[in-house]
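Take a moment to look over the chain before you read on. We will walk through it together, one region at a time.

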Amino acid sequence: MSRREVEAVKHKRDALSLLTTTMTCWSLASSQAASGAPWSYEDWKPGGQRATIDGITFDSTIHCGAAQDFVKIAPDHYRFRARAGLRLYTWRFYFKIECPKAVGRTITLEVADLNHGGRQPWQESATVYSVDGRTWTHVAEEDMKIVPWTPTGHDAIDREYGDRTHVPYGVQFKLTLTAPVMWFAGPTPYTLERADKLMRRLAEDHPGLVQVQTVGHSYHGKTHGHPIRMARITAPGDATKRDGVFVMSGEHCAETAGIYACQGWMLEVLKHPDWLQDYVFYFVPIVNVDGMYYGATYHNMGPSPGKGPGRNLSTNWRERTEPETRAIWPLLARLRPVFFASLHNGRHRRTMEVHGPPGPGTDELMRQWRREVGFDIEDCRPHGRSSRCWGVLEKEGIAPMAYTIETLLLVRQPGFETFQDSYVETGRQLARGTIAALANLGPEARKPRVATPHPTSTKPALKPDSRKQAMPKTTDRLRFDADRFTAHLPWFYHGLPFDKTQTHDIYNFEANGLDLPPGDYTVALIPNKTQATLAVSLDGRTFKQIPVSDGRAELFPVSIRNRMLSLYVKAGDVEHAGPLRSVWVYPPGIDFAQAKDSAGNYTRYRRDIRSDDREILRKDNWNEFNAVLNRRGFGKKQLRAMFNDVLDWCKRRQILDPDDIHYGAIYSEEDKYDFRDAAAAAVCFAYAWRDTGDEDCRRRAILARDYCYKGQHMADPDNKDRFGGFAHMVHGAWGKGQQRLSQPLGGAVGVETGIIVNLLVKLIELGLTPSADDLERLRAAALWMVNNECSPGTFRHHEGASHDCQNSNALGAEAIVRACDALSALGHQPPTSWLEAARRGMVHFIEGQEAIGCWPYVFANVGRGQAFAEHSLPDQGMGVYHFLVAYNTPAFRDLPGAVDALKRAARWWLCMSRIDPSAPMPTIDLDDRQARGSLKFSKFTWCRFMAAACLMRIAELTGEAKPWRQLALRYMEHVDLKLRNRTDPNKAPFKRATTDDMTLCSWIQAVEWAGVLLREMEERLP
């Protein structure tokens, strides 16, 4: 062992010796608010409120209590607020009910101001009550009701409440008072007192194993007597050679499922003496002690309580400005655990989520967790990499395996009557899975880092040899294990006929998300077996025999300008795992030996295109699918009938009162008056006017168009961030905004602007002669797009955004070129720079497509792409449709690579199809059976319309009529037979394919836009 390593180990021993049993006493000091004092937003201080109404006392001044402003609003109906002051997020409440003279009464308790994704059950599904303050029973779903939120009456506060994904609503609960004293909470509370008692009991019961230490203080911990505490659990003896496992929870103080899971993890550890011989376990059950004490929901408490929300500790690990992160980070930097987890809980999820780095360690952990845990666990994804603790630990080289784990708040494990017992069991299961995974991993994957030699520093030093091993964020040389990124695509991707399944010997290697500077590279391919040449193609069609010399075939130059390397190799043996052992990328001018010594191993993810999940690709199923695909009997007549239903809906729902501010708008079944819906309805009316000459339809089209203009920013031409852009009218699960026209308008949105521009141009094409004002508005919208190209080919998704969203790139290019075409045809020549910007967007969009035909939602993004997966269905439809609209213009019909990209996109949709065997007959639908989350994007009926409209255009533009016209018609046949509303005139003619309580989500319905797409499809049929 070198001198430096000896010193480092000695320092680790010194650091461990500091972790002694120095558990300080706690006190339940009263809060700053006087008990019983009236509460208001003006003079709020933490600590809750005590109020007696009708002989019932509601008391949130209890330890860690949370609820304010108790009032009676009807007999046996009492309302309170969960929010206090200017906190952004509110979904926690906890108070005591003293009711000795009211036992037997059933009352309604209404929380006025929860917030999340709109008026639907979210975290309140985990609401509980207790008769002893320790054992908690969940409120039945039939005793809950979502109601509108109750504003405070303070405009400044109501206006700022929530954000785009946390919108306010109220919830009513029916509760029968069964005991003189009860407790009511959402979710199951976990107090500081409980955590302290647990750690003290464990230390007393296991004196040789458990040590508890105060590791730091929050802003107010010394005042209220609750510092940040940690339990260290390991066997007696020298622990310097044992791997460290560090688990914390309670960064968000309302996420108590994660805290209970931390408790379960601690209890499980103590059941396994053998674990304690190999590991040192560290547990911080509650990080956000101030937020827990003062009844907060999400943030910590700032230095001055009541002066607005504190900080989100979960995103503070890079800056470490808060006392909580400053207290824990030096421990992590010194201890350098082999495994780290921060336990949270998703308050809207029905499946567990894990966020962390890809790699063999993660693969094994996910495998073991799925074996142990009684819930579905989604694939690990790198959410929060830049700011969450796990990502900063990974970047700093402190913990080789670090994660955020979203345990489940809303779902109980089978066999568990209470939420809290289920949460604890989840922690036990995670503990077992973690140790099983660590035991199976090789020494390199699980080897803990050597501690830093500077214990007082918050920035860890690199281990002696880590500079050689660590891969910089941007590199010009990489190594790939080929089997990690190789896939065998379905036969029809390689020009083989669709009519029957076939074998082939072509394999695709593809790795996305590379941090390679754009340029030309040498690519070295190492075959799996000895051979003289290797058949290689960069496009999957034209193969070239590359000589194999010194065990490798070298390609040069290979242009990599899109952060992705994709190539095809013929294997010669379809049963083989793949033709390549490894792939190397390095710049020209260096030899292979030099690259081999310095290239970092790329392990960001493991590619899985999920072709095995696609049942129609199985040989036994393809013939049945192909027969349904080529079925006749659905065509123009049925499409026109579907359109007529949409037209009738638009007529019934259009506002025709000139005194109404929404004059001309379409009143949706989602209780809103959307600008985009109005533009689409205008096109439907214009089609009807062209068909029949009915002047009433023309009048309606103009009214709808003019209402749409009310959503456009036209007041300040000097404001490039807004002028010309359209606002997004949505108020619900996708953000706080508006459902009624009001001023000021919300920010300009690129998606909305791109869609509306296409619809406005369509109105001109259908014969509505534009006025000078119409043309000025069209020019202004295109100019907004041009001004909001934030990097070459990247157009802003919305005002202020800078992410490289593929959908908004296609929309931006489409809006510009459509406006250019319309203006040019009317003698108003736009600047040539506009078309240059559009071309950059079109080229950039093509660059982001993967070999299977899918576009990740964000350019080069890992996680939202890479597979035949349902989560890409809405994104694929939106982006490809608007790319097709732009490509169909003269300026882009010669765009290199476009035809091949469109053919691949169509094949991706084909793979995403399935037979729906339900009555009245088998139909072909998009395969959305694995849709995750509450919104379930892929289930939207709108996705079927978009896919069908794209396939019709692809059939026309590529000359590949079969099977894309048939597939488009089969999707529409499925919608007509199984997603049609034929009974309720107050709902749109096509079902949303989502729950009725999911309202005000702008993209769910879009039925007026569906009418436009139906006519486009009809026009493309022979």
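**A guided walk through the chain**

Two strands count as a pair if DSSP finds at least two bridges between them. The strand names come from DSSP too: helices (H or I, at least four residues) and strands (E, at least two) are DSSP runs, numbered from the N terminus.

Before going further, please keep in mind that this is a predicted model, in which local features need pLDDT of at least 70 and side-chain atom pairs count only at pLDDT 80 or more, while totals for chains, interfaces and linings use all residues. Residues are numbered from 1 along each chain as its sequence is written, and side-chain values use heavy atoms, with hydrogens and water left out.

Where do E19 and E28 belong? Both are part of an open sheet of five strands with mixed pairing, in the order E25-E22-E27-E19-E28. Strand E25 (553-560) and strand E28 (600-601) stand at the edges with a single partner strand each, so one side of each has no neighbour in the sheet.

Now step back to the whole chain. Its secondary structure comes to 27 helices and 32 strands. Of its 1022 residues, 61% are buried; here buried means under 20% relative accessible area, exposed means over 50%, and partly exposed lies in between (1.4 Å probe, protein chains only). The chain exposes about 38700 Å², and carbon and sulfur atoms supply 49% of that area. Such areas come from the Shrake-Rupley method with a 1.4 Å probe, and for residues only the protein chains shown count as cover. A contact means heavy atoms within 4.5 Å. Among contacts between residues at least 6 apart in sequence, 76% join residues at least 24 apart.

Next, find strand E21 (residues 506-511). How many of the residues of E21 are buried? Six of the six are, so E21 is largely enclosed by the rest of the structure. In a regular strand the side chains alternate between the two faces of the sheet. In E21, Ile 506, Asn 508 and Glu 510 point one way, and Tyr 507, Phe 509 and Ala 511 point the other way.

With strand E26 (residues 565-570) it pairs in the antiparallel sense over six bridges. Tyr 507 stands opposite Val 569 in E26, and Asn 508 stands opposite Tyr 568. Tyr 568 is also the bridge partner of Ser 537; strand E23 (residues 533-537) runs antiparallel to E26, and two bridges join them. E20 pairs with E21 too, in the antiparallel sense over two bridges, with Thr 486 as the bridge partner of Phe 509.

Between strand E20 (486-487) and E21 there is a loop, and His 504 has its place there. Is His 504 buried or exposed? His 504 counts as buried, because its relative accessibility is 9%. The side chain of His 504 reaches the backbone oxygen of Leu 489 at 2.6 Å.

Let us turn to a helix. Helix H9 (residues 360-372) has 13 residues and should span 18 Å at 1.5 Å a residue; its end C-alpha atoms are 19 Å apart, which agrees. The expected span is 1.5 Å times one less than the number of residues. Among the buried residues of H9 are Leu 365, Met 366 and Trp 369. What covers the buried residues of H9 includes strand E16 (339-346), strand E17 (353-355), strand E18 (401-408) and helix H11 (419-440).

Another helix, H22 (residues 832-847), holds Trp 834. Trp 834 is buried, because its relative accessible area is 5%. Leaving aside residues up to four places away in sequence, Trp 834 touches Arg 779, Ala 782, Leu 783, Val 786, Ile 816, Cys 820 and Leu 823. The C-alpha atoms of Trp 834 and Met 785 are separated by 9.1 Å, though these residues are 49 apart along the chain.

Finally, consider the cysteines. How many disulfides does a search of the whole structure find? The search finds zero, where a disulfide is a pair of cysteine sulfur atoms within 2.5 Å. For Cys 253, the nearest cysteine sulfur is that of Cys 64, 8.9 Å away. Cys 253 counts as buried, at 0% relative accessibility, whereas Cys 790 counts as partly exposed, at 29%.

How values were computed: A polar contact is a pair of N or O atoms within 3.5 Å; within protein, one must be able to donate a hydrogen and the other to accept it, and residues adjacent in sequence count only if both atoms are side-chain atoms.
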